[in-house]
Structure formats: C-alpha cells, structure tokens
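Here is a friendly note to read beside the model. Could you keep the structure open while you go through the points?

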Amino acid sequence: AKTAGKNGVRIFDTALEMITGEKSELLQDLHSAIERDQLALLYHPQIEISTGRCVGAEALLRWEHPRRGVVSPDIFIPLAEESGLIHEVGQWVLRRVAQDCTRLNLDYIAVNVSIKEFVRSDFIETIKTMVRDGEIDPFRIELEMTESVFIENFERTNEKLQELREMGFRFSIDDFGTGYSSLAYLKNLSIKTLKIDRGFVKDIGINPNDEVLTRTIIDIASHFEMKTVAEGVENETQLAFLKKFGCDLAQGYFFTKPIPLDAFIEWLGRRCE
Ligand code: C2E
Ligand code: CA
Ligand code: CA
Ligand code: CA
C-alpha cells in the first residue's frame, strides 16, 4: 500500500511533467511551423442575408502538424500568444490573405487579430511597412478583434484604429457581447461590423433568451449604423429568424464548413451557376 501511495505521487508528477513537456514540445514545433510551411488558411463565407450573395469570407488558421495532424487554433494561438510567436503568425496570415485575395472576387477577407498582436507598440509600423511594400491591400481586409482591446487602453486603441482606418482597413468586433466590457466604447467608434457570437445564435428557435439577446445586438448595431454578422448559422430556422430581425450577414456550417482556397473558389463558382 505504501509503494502504491508513492507510485500514485510519482504518476501524478509524471502526468504534470507530461503536460508541460507536451506544451513545450508543441511550442518548439510551432517555432519551425512557418518555415516548414505547415500553416494553412481555410475560408468561411459570409453571406448577405437579403440577397444570398457571398460578399466576403473569414480566414481561419490551421496548423498541419506532421505527427499530430491538424491542430486547432484554439490550442496553438494561445501558445503563440504566450511565446510572442503570434506576431510572426499574424504577419504570415496577412501576407497569405493578401495573395489569396487576388484570386477571389469578394468585397473583403476578414482576418482575426489577436489582442496580444494589436497592443504591441510596433504593430502599426509593421502593417504600414507591409502596405507600403505592396504586400497587402488594406482596402480588401477587415480586421476582426474582440472587444477586449477596448478594456486595456481605450484612447490608445482608438488612435490605432484611426490610423489603420486611414490606411484603408475596416474592422469588426468579434464575439460581441461575450467580453464583459462596457458598451460605452461603441458610441465613440466608427467600427463597421459587430459579429454576433455563435453562443447566442446556437439556440435561436430553442431558447427565447438567446433570441432576445440576438435581437438586442442587431438593434444596438443598427442604432450605431453598424452591420451585423451572425456566426455559427447551422439551420434554416436560425437564418429565417436573423432575416426577420434585420441581421445583415450570416456565416456558418449551414452554407459550408471552412474550406481551403481552391475548394472555396469552386464553391463560389457553383453558387453562381
Ligand atoms: P472565431 O474568430 O470566433 O471563429 C469562429 C469559429 O467558429 C471558427 O472556429 C469556425 O470554424 C467556427 N464556426 C463557424 N461557423 C460555425 C458553425 O456553424 N458551427 C460550428 N460548430 N462552428 C462554427 P476555428 O476555425 O476553430 O477557430 C477558432 C478560433 O481561433 C477563432 O474563433 C479565432 O479566435 C481563432 N483564430 C482562427 N484563425 C486565427 C488567426 O488567423 N489569427 C488569430 N489570432 N486567431 C485565429
Ligand atoms: Ca473571428
Ligand atoms: Ca467569433
Ligand atoms: Ca469565438
């Protein structure tokens, strides 16, 4: 029984080590993921609800790990943020989107920007250089950020957004309503779009509370002359509800799962037939 106890402790220790060990191993691999060309983008269409037209898409990052298979961004983005690699990753995404854009006849591609990336003092300078060198076309890029960027330092954030806007970028607020921030910032900003989180959209047709919240977000947005994109639309019921209450755009598995560029181009072609 004594040795079993000791064993128990030892096993526990090993399990802990394994978790941290696994993490540092993954981080190690992430360092070389870019140069080894293991990052890939998927595209997820955004559909104008009134016309059914695909007007834009969100770029979603994947890591094709040689041994683990596809690693979800929910796992490696936090790792990249902790380690500072997020800046390299973010620049890779912007460059790739800029290349892919030229093959897509869409109004914009939405790119997720991590708050860790955004708050860095040289973020603007890096973007400016990329624009100046003709690497990215700001007029075709929508930067998606969560409302957490406004909690940190509203004034500074606002200045940065202003600078980016002058370059031609547009913005959307991702996961709107989930970030515990005050709504006050909305009245001072000219952000174009609010994204209604999948958490609200999921139970439309099932839970009246989520329906009220969704309608409220649409109302707030229209009051500030912002557009709304509903995330996670999976069925006809949700789409009909969103249409009825004036949501502008829909994104979700109902149309397609996120797909690689070539498949996306084919998908767009089929829709136009
Ligand atoms: P997000 O920005 O909120 O992206 C939406 C997520 O919801 C995506 O997951 C998308 O695949 C998923 N989704 C969209 N429609 C549906 C639906 O109808 N049903 C279901 N079940 N899911 C749906 P994904 O691709 O796993 O991305 C997870 C998160 O990782 C993103 O959440 C975003 O925060 C982050 N992320 C993805 N790409 C990037 C990137 O390039 N840079 C940064 N910084 N973060 C990224
Ligand atoms: Ca997003
Ligand atoms: Ca989102
Ligand atoms: Ca989310």
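**Notes on the metal and ligand sites**

1. Let me start with the calcium ion (ligand 4) and the calcium ion (ligand 3), which are 3.6 Å apart and bridged by aspartate 175. Aspartate 175 belongs to strand β6. The protein donors of ligand 4 are Asp175 (OD) and Asp175 (OD), at 3.0 Å from the ion. Donors here are N, O and S atoms within 2.8 Å of the metal (3.2 Å for Na, K and Ca), and water is not among the atoms, so sites may look incomplete.

2. A word on the basis: this is a predicted model, in which local features need pLDDT of at least 70 and side-chain atom pairs pLDDT 80 or more, while totals for chains, interfaces and linings use all residues. Residues are numbered from 1 along each chain as its sequence is written, chains are lettered from A and ligands numbered from 1 in the order in which they are written, and side-chain values use heavy atoms, with hydrogens and water left out.

3. Which atoms coordinate the calcium ion (ligand 3)? They are Asp174 (OD), Asp175 (OD), Glu231 (OE) and Glu231 (OE), at 2.0 to 2.7 Å. Along the chain these donors have the spacing D-D-x55-E. Aspartate 174 in strand β6 and glutamate 231 in the loop between β8 (227–230) and α10 (236–244) link distant parts of the chain, 57 residues apart. Strands (E, at least two residues) and helices (H or I, at least four) are DSSP runs, numbered from the N terminus.

4. Now for ligand 1, which 21 residues surround, the closest being Arg62, Asn112, Asp174, Glu234 and Tyr253. A residue counts as near if one of its heavy atoms lies within 4 Å. β2 (54–65), α2 (73–83) and β6 (170–176) each give at least two residues to this shell, with the largest share, four residues, coming from β2.

5. Which polar contacts (pairs of N or O atoms within 3.5 Å) might you look at? An oxygen atom of ligand 1 lies 2.8 Å from a polar backbone atom of tyrosine 253. A polar side-chain atom of asparagine 112 is 3.1 Å from an oxygen atom of ligand 1, and for an N or O atom in the side chain of glutamate 58 the distance to a ligand 1 oxygen is 3.3 Å. The protein covers 84% of the 810 Å² of accessible area (Shrake-Rupley method, 1.4 Å probe) that ligand 1 has on its own.

Key: Polar contact = N/O pair within 3.5 Å; in protein donor to acceptor, adjacent residues only side chain to side chain.
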